[in-house]
Amino acid sequence: MVEAPTLFSNPIKTLYLFSIVLFNYAKDTVQYLSKFWHIIGFLTLVVIAPRFVEGEHSGLVRQADEIAYFMLYWLVLGIMSSVGLGTGLHTFVLYLGPHIAKTTIQAYECNALPLFVPSKYATQYVECPKESTGITMFDIMRQVYFETVLFGIGTAIGELPPYFVARAAALANKKLEELDEVLEKKDENSFMHRMKLLIYNKLQKNAFLTVMLCASIPNPLFDLAGITCGHFLISFWTFFGATVLGKAFIKMHIQLPMTVFVFSQEPVKALLSLIQKYIPFIYQFLSDLLDKQRQQLRDPSLFKEGTKPLLAQLWDYFIVLMIGFFMISIVNSLVAQYVTEQEQEKKKKKKDPSEDRKANKKVKSS
């Protein structure tokens with residue numbers, strides 16, 4: 001078995017093979033899309049043409065672009081959440097959670113809700129409104145509700161690959177190691193294996209309800225649910241509908257109020273008082289950081305445009321490193337898959353000597 005190169009062991013060869021993989025994917029994509037060229041051409045004309053012709057519609061086009069960017073931003077983050085940036089790290093902790101927390105803190109500091117600006121609202125603050133209107137927890141939840149649901153739908157989309165892989169394997173009469181492992185170790189008494197066996201059995205009896213319950217809670221075994229549904233050829237809409245319902249409308253409705261409550265004014269004050277009492281050397285740093293954020297919310301002109309606190313800069317660097325690691329893992333895995341496929345093709349081309357002898361005998365007898 002030939003060992004596949006990586007970006008660390010042999011970067012030049014890895015990049016060369018990766019370029020071949022990309023070319024093959026691009027060629028297959030073009031061949032597939034060419035079947036629908038008339039539909040794609042029409043949609044492209046409808047989307048692009050209004051941008052080159054100025055008129056009364058231009059404002060609506062810009063507004064549509066902002067909303068599309070906003071929706072795509074949170075959908076993609078939801079998909080990445082299921083992938084975990086290649087490390088199992090949930091992007092709720094990286095993006096949606098901090099976004100809800102910042103919106104909550106800002107609302108209490110401004111005593112009003114921030115204005116909805118899709119192009120900016122996804123990634124950064126807007127200024128405090130001039131008039132204070134008063135806010136409640138439900139006002140804040142309503143303000144961030146749309147992106148929370150979009151994020152949940154994105155996580156549901158990110159759970160589809162295991163389902164499709166298992167479905168394709170079932171249609172091709174291939175076995176899956178994950179399911180074989182569950183069935184071979186029926187007598188194992190560990191908690192994790194008992195949960196796997198329970199999910200496997202319940203999915204065969206009531207797939208929709210089981211998938212919905214698995215999707216409604218943080219569940220490291222959800223991939224098994226997708227694999228099992230695909231293996232038993234359970235309807236796509238049954239699996240995807242239950243996943244969307246569980247992740248976007250049940251799980252997110254648990255996470256959203258909890259996050260808003262934790263970062264509301266009273267819990268934050270209680271937390272700071274505890275830190276002051278038990279960890280006084282950290283209290284001063286956090287207190288100064290919050291004061292600085294409050295001042296920036298009240299009067300953004302006090303700070304230069306583009307400046308960020310040191311903690312925020314370090315957090316940005318951490319995100320960049322995580323995304324970099326994720327991209328490296330994708331390149332390495334695609335190259336490894338390509339090398340494996342090439343090896344399998346070489347083995348198929350090599351004929352078995354016994355088969356050659358049988359073929360020669362048939363020729364002579366004829």
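The unreviewed UniProt entry lists residues 6–24, 36–53, 73–96, 224–246 and 317–340 under "transmembrane region", given here in the numbering used for this chain, with shortened feature names and with the caution that annotations may be inferred rather than shown by experiment. The model is predicted, so that local features need pLDDT of at least 70 and side-chain atom pairs count only at pLDDT 80 or more, while totals for chains, interfaces and linings use all residues. Residues are numbered from 1 along each chain as its sequence is written, and side-chain values use heavy atoms, with hydrogens and water left out.

Two of the listed spans can be described by their geometry. Residues 6–24 are 74% helix and 0% strand, with end C-alpha atoms 19 Å apart, whereas residues 36–53 are 89% helix and 0% strand, with end C-alpha atoms 26 Å apart; helices (H or I, at least four residues) and strands (E, at least two) are DSSP runs numbered from the N terminus.

A nonpolar patch on the surface is formed by Y32, L33, F36, I39, I40, F42, L43, V46, V47, I48, F52 and V53, which together have about 1,200 Å² of accessible area. The elements that give two or more residues to this patch are helix 1 (11–33) and helix 2 (37–52), and helix 2 gives the most, with 8 residues. Patches are made of residues with over 30% relative accessible area and no salt bridge, nonpolar side chains (Val, Leu, Ile, Met, Phe, Trp, Tyr) being joined within 5 Å and like charges within 9 Å; a salt bridge is a side-chain nitrogen of Lys or Arg within 4 Å of a carboxyl oxygen of Asp or Glu. L43, which lies in helix 2, counts as partly exposed because its relative accessibility is 49%, where buried means under 20% relative accessible area, exposed over 50% and partly exposed in between (1.4 Å probe, protein chains only).

Turning to the cysteines, a search of the whole structure finds 0 disulfides, a disulfide being a pair of cysteine sulfur atoms within 2.5 Å. C214 is in no disulfide, and its nearest cysteine sulfur is that of C229, 8.8 Å away, which is too far for a bond. C214 is buried, with a relative accessible area of 9%, and C229 is buried, with a relative accessible area of 0%.

Over the chain, the secondary structure comes to 17 helices and 0 strands, and 31% of the 366 residues count as buried.

Key: Areas by Shrake-Rupley, 256 points an atom, 1.4 Å probe, with all protein chains shown as cover.
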